[in-house]
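Subject: A structure for you to look at

Hi there,

Here is the structure I promised to pass on to you. Please open it and keep it beside you while you read the rest of this email.

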Amino acid sequence: MSIIQALESDNLTELQTIPKTDFHCHALLSTRRKNVEEWIGKSLAKPPYKMNGLEGMMDYVSVTLTPHLMHNKGFEFVAVSAIEDAIKDGVVILEISFDIRLVNFYQEGLNSLQTFIKSLITSFHGKIDLRPELGIARDCVKDQQLMNLAFQAIELELFKSIDLYSHEEACTPEEAKVLYTIAQKAGMKLKAHVGEFKDAEEIRRTVELLELDEVQHGIAATESVEVMKWLSENKIQLNVCPTSNVMLGGVKNIEVHPIRILYDYGIPVTINTDDLMIFDQSVSDEYRNLYQTGIFSSKELECIRNTSLSLSQLSKDK
Ligand SMILES: [Zn+2]
């Protein structure tokens, strides 16, 4: 069955068998909450449907999830389970970010984290194209010790891409420039979270300064026709996570999600999960939501899926 037929007949099981990509997900929070509940043997409070931005999300994470996951065993359980979830959902290319601070979960530091990630690649070989991404929270950029670790991590040639996230005000793109220059020299794909809540101009500024290949979210580009045209002309891919945007308040509800406008301006958009443990929508669920709310037709979603698969091939060959 094609994705068009699966969407039109609302066949989620078929939809899950169709090859898709996930270019925006964070390893520590990327499996379904129910898997964690099963693992720890107790139920966890659901996040509120509307959280107050990143602050609200971090409040929920620190109270409900952190106590169970912020250690070596918790992280390793989630990472394996996240990849299994992605495979079950038909994701064939997974760019999953590993935060540099995960090194703290290992006595042997970066070497042990590297060994674990390599073991993931080996054990899931043939089932999914796993592309580890180096994740840096913006508040870590001013920490020289963590930055030294990040430089060492880049040298490993394990990470295929780099991403910057968390509060935009915590560091300017200028402050992350050295890191991105080194990552670029190492042949990594450059990404950063920007424009999740506001400021189209900041999206363009960050892309130019850090020479980004892709933007995580970037939905605030719709504030400026000029910025949208610029993104389109420069073929800057936006890795959008619709449910995350709604639950964190960047978008009022899915029916008015601006991904449609970005697509109409010719900007390459992809559909992703962000943090499955919180937002609870797989890539297939997100395709289904965008179809059922009438944001995209089934043919347009097929086009987005094909483009995502071909773009990821291009970046692999880069
Ligand atoms: Zn994200």
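Below is what I found in it, topic by topic.

First, two notes on reading it. Residues are numbered from 1 along each chain as its sequence is written. This is a predicted model, in which local features need pLDDT of at least 70 and side-chain atom pairs count only at pLDDT 80 or more, while totals for chains, interfaces and linings use all residues.

**The nonpolar core**

The largest nonpolar core has 86 residues, and Leu134, Ile136 and Ala221 touch the most other members. Helix α5 (residues 72–88) gives the most to this core, with 6 residues. A nonpolar core here is a set of buried Ala, Val, Leu, Ile, Met, Phe, Trp, Tyr and Cys residues joined through C-beta atoms within 7 Å. "Buried" means that 20 or more other C-beta atoms lie within 10 Å of a residue's own; 12 or fewer make it exposed, anything in between makes it partly exposed, and the C-beta atoms are placed from the backbone. In soluble globular proteins, nonpolar side chains tend to be buried together.

Leaving out residues up to four places away in sequence, Leu134 touches Phe98, Ile100, Ala150, Ala153, Ile154, Phe159 and Ile162. Two residues are in contact if their C-beta atoms, placed from the backbone, lie within 7 Å.

**Ile128**

Look next at the loop between α6 (110–123) and β3 (129–137), where you will find Ile128. Helices (H or I, at least four residues) and strands (E, at least two) are DSSP runs, numbered from the N terminus. Is Ile128 buried or exposed? Ile128 counts as buried because it has 20 C-beta neighbours inside 10 Å. Again not counting residues up to four places away in sequence, its contacts are Ile83, Ala86, Ile87, Val91, Val92 and Leu94.

**A bent helix**

Helix α4 (residues 53–69) bends by about 45 degrees at Ser62. That bend is the angle between axes fitted to the seven residues ending there and the seven starting there. Met57, Val61 and Leu65 are the buried residues of α4, and they pack against α13 (276–279).

**Two positive phi values**

Ser166 is not a glycine, yet its phi is positive, near 80 degrees. Ser166 sits in the loop between β4 (161–165) and α8 (177–185). Asp199, also not a glycine, has a positive phi of about 80 degrees, and its place is the loop between β5 (189–194) and α9 (200–210). Asp199 is partly exposed because 18 other C-beta atoms lie within 10 Å.

Happy exploring!
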